[in-house]
Structure formats: C-alpha cells, structure tokens
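Reader: I would like to learn how to read the features of a model like this one. Please take them one at a time.

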Amino acid sequence: MKDIHSYWAYLVLAFLAFAVVNAIIGFTQKKEFKDKDLRIGLFTLIVSHLQLLIGLAWYFMSPWYQALKTDPSAVMGDKATRLLAVEHPSMMIIAIVLITIGWSKHKKKTTDTARFKTFVVFYGLALLIILSRIPWSNWI
C-alpha cells in the first residue's frame, strides 16, 4: 500500500503542477477557458482524491499511526515521526480540500479569467502545501 501511495504521488504532482502552469498561462494571457482546461482541472481533482483514499488506507495501517496511538508525546517530540504521523496527513487533507474548493468555485465563475484565477489560487496553494510536507527523505 505504501508503494502505491508513493508512486501515485508522482502522478498527483505531475497533474497538479501541469494544472497550475496551465492556469497561470491561461490567466496571464487572457485565454479562453476551453474543455481541455476543464479536463485538466477535473483529472487533477480525480487523481488527488484517489491519492487521498490510498493515503488514508495506508495511514491507518502504518507504524506512525500505531506510534501516535501508543505514545503521542514521543511522536510529537520527534520531528521526523511527527512529520509522518501528523503533519503530512493533515496538510495533505488540507491540500485536497483546497483542490476541491477550487474545482467547485471555478464552476460558478462566469468569465474565463476568473476561472483560471480560481485554479491558480486554489490549486497553486494546494501544490505549495503538498511540496512543503512531502517526506522527501523517505520518498526519494
């Protein structure tokens, strides 16, 4: 399960980075919001939600969750364990919430620029949060 979660993360990062770059280009160049842009945002939403489900399944089987249940103060006292047991899962959930909000909000916008801007803001924030809390030492 851990391997699936780790490999799927590459896909999530690729889609999310592509969606953010596409939205920045669309916003700055005042492009028309086309079906392609909609699909990029949608596929990003889908792969990120699948990653969340895989991650939650892995989390509740992980040794970090067991350690958190057994001795929370020890987990909170160790920076590396705290990252895996608390910070990474909570920040990834926040990032997925931002992606979901961005997807929902973009549908209510009436102009192409506003749609791209919504993706830039919400998907961009999600990307920054994800990059900040990836356990790089375990992943690469």
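Author: What follows goes from the overall fold to salt bridges, surface patches and one further residue. This is a predicted model, in which local features need pLDDT of at least 70 and side-chain atom pairs count only at pLDDT 80 or more, while totals for chains, interfaces and linings use all residues. Residues are numbered from 1 along each chain as its sequence is written, and side-chain values use heavy atoms, with hydrogens and water left out.

Reader: How many helices and strands are there in the protein?

Author: Helices (H or I, at least four residues) and strands (E, at least two) are DSSP runs, numbered from the N terminus. The protein has 7 helices and 0 strands. Read from the N terminus, the order of elements is α-α-α-α-α-α-α. The C-alpha trace spans about 55 × 25 × 25 Å along its principal axes.

Reader: What percentage of the residues in the protein is buried, and what share of the contacts comes from residues 24 or more positions apart?

Author: A residue is buried under 20% relative accessible area, exposed over 50% and partly exposed in between (1.4 Å probe, protein chains only). Of the 140 residues in the protein, 39% are buried. A contact means heavy atoms within 4.5 Å. Among contacts with a separation of 6 or more, 75% are between residues 24 or more positions apart.

Reader: How many positive and negative side chains does the protein have?

Author: Lys and Arg count as positive and Asp and Glu as negative, with His and the chain ends not counted. The place of a charge is taken as NZ of Lys, CZ of Arg, CG of Asp or CD of Glu. There are 16 positive and 8 negative side chains, and the centres of the two sets lie 7 Å apart.

Reader: How many salt bridges does a search of the whole structure find?

Author: Side chains of opposite charge can pair when their charged atoms come close. A salt bridge is a side-chain nitrogen of Lys or Arg within 4 Å of a carboxyl oxygen of Asp or Glu. The search of the whole structure finds 3 of them. One joins Lys36 and Asp37, at 3.3 Å from N to O. Asp37 is buried, with a relative accessible area of 4%, whereas Lys36 is partly exposed at 48%.

Reader: Which residue forms a salt bridge with Arg82?

Author: Arg82 pairs with Glu87, the closest N and O atoms being 2.8 Å apart. Arg82 is partly exposed, with a relative accessible area of 22%, and Glu87 is partly exposed at 22%. Glu87 also forms a salt bridge with Arg133, where the closest N and O atoms are 3.4 Å apart. Glu87 lies in helix α5 and Arg133 in helix α6 (residues 112-133), so this pair ties together parts that are 46 residues apart in sequence. Through shared partners, Arg82, Glu87 and Arg133 form one network of salt bridges.

Reader: Which residues form the positive surface patch?

Author: Patches are made of residues with over 30% relative accessible area and no salt bridge: like charges are joined within 9 Å, and nonpolar side chains (Val, Leu, Ile, Met, Phe, Trp, Tyr) within 5 Å. The positive patch consists of Lys105, Lys107, Lys108, Lys109 and Lys117. Helix α5 (residues 79-108) gives the most to this patch, with 3 residues. Lys105 lies in helix α5 and is partly exposed at 40% relative accessibility.

Reader: Which residues form the nonpolar patch on the surface?

Author: Leu56, Phe60, Ile93, Val97 and Ile101 form this patch, and together they have about 390 Å² of accessible area. Helices α2 (35-61) and α5 each supply at least two of its residues, and the largest share, 3 residues, comes from α5. Phe60 lies in helix α2 and is partly exposed, with a relative accessible area of 46%.

Reader: Where does Arg115 lie, and which residues does Arg115 touch, not counting residues up to four places away in sequence?

Author: Arg115 lies in helix α6 and is partly exposed, with a relative accessible area of 22%. Not counting residues up to four places away in sequence, Arg115 touches Phe33, His106 and Lys109.

Terms used
Areas by Shrake-Rupley, 256 points an atom, 1.4 Å probe, with all protein chains shown as cover.
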